[in-house]
Amino acid sequence: MHPDSQRYVAERIPGARLHVFASEVASSHFPFLENPPAFNAVVEKFLAEEPARGV
């Protein structure tokens, strides 16, 4: 899937976030398998920015 298709979708969802890995970091549909440290860093940053819910 080309990243532009995901940019298009993200632009239409209020509050959506999109992260596209550079091809030298992860070039497949499964960055969590190809480069776990890079994927985990993105997820950790996202979780740190989100306010706690249901507390």
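Reader: What percentage of the 55 residues in the protein do buried residues make up, and what makes a residue buried?

Author: Buried residues make up 9% of the 55 residues, where buried means under 20% relative accessible area, exposed means over 50%, and partly exposed lies in between, with a 1.4 Å probe and protein chains only. This is a predicted model, in which local features need pLDDT of at least 70 and side-chain atom pairs count only at pLDDT 80 or more, while totals for chains, interfaces and linings use all residues. Residues are numbered from 1 along each chain as its sequence is written, and side-chain values use heavy atoms, with hydrogens and water left out.

Reader: How many helices and strands are there, and what makes a run count as one?

Author: The protein has three helices and zero strands, in the order α-α-α from the N terminus; helices are DSSP runs of H or I with at least four residues, strands are runs of E with at least two, and both are numbered from the N terminus.

Reader: Why is the protein called more spread out than a compact globule?

Author: The radius of gyration, taken over C-alpha atoms, is set against a globule rule of 2.2 Å times the number of residues to the power 0.38. For 55 residues that rule gives 10 Å, and the protein, at 13 Å, is well over this value, so it is more spread out than a compact globule. Along the principal axes, its C-alpha atoms fill a box of roughly 40 × 30 × 15 Å.

Reader: How do you know that arginine 7 and aspartate 4 form a salt bridge?

Author: A salt bridge is a side-chain nitrogen of Lys or Arg within 4 Å of a carboxyl oxygen of Asp or Glu, and the closest N and O atoms of arginine 7 and aspartate 4 are 2.8 Å apart, so the pair meets the definition. Both residues lie in helix H1 (residues 3–11), three residues apart, about one turn of the helix.

Reader: Why is arginine 7 called partly exposed?

Author: Its relative accessibility is 36%, so arginine 7 counts as partly exposed, and aspartate 4, at 45%, counts as partly exposed too.

Reader: What makes Arg17, Lys45 and Glu49 a network?

Author: These residues are linked by salt bridges: arginine 17 meets glutamate 49 at 2.7 Å, N to O, and lysine 45 meets glutamate 49 at 3.0 Å, N to O. Arginine 17, in the loop between H1 and helix H2 (31–34), and glutamate 49, in helix H3 (residues 36–49), are 32 residues apart, and their pair links distant parts of the chain. Lysine 45 and glutamate 49 are four residues apart in helix H3, which means a separation of about one helical turn.

Reader: Is lysine 45 buried or exposed, and why?

Author: Lysine 45 has a relative accessible area of 55% and is therefore exposed, whereas glutamate 49, with 41%, is partly exposed.

Reader: What makes Tyr8, Val9 and Ile13 a nonpolar patch?

Author: Patches are made of residues with over 30% relative accessible area and no salt bridge, like charges being joined within 9 Å and nonpolar side chains (Val, Leu, Ile, Met, Phe, Trp, Tyr) within 5 Å. Valine 9, found in helix H1, has 40% relative accessibility, and the patch of Tyr8, Val9 and Ile13 has about 280 Å² of accessible area together, by the Shrake-Rupley method with a 1.4 Å probe, where for residues only the protein chains shown count as cover.
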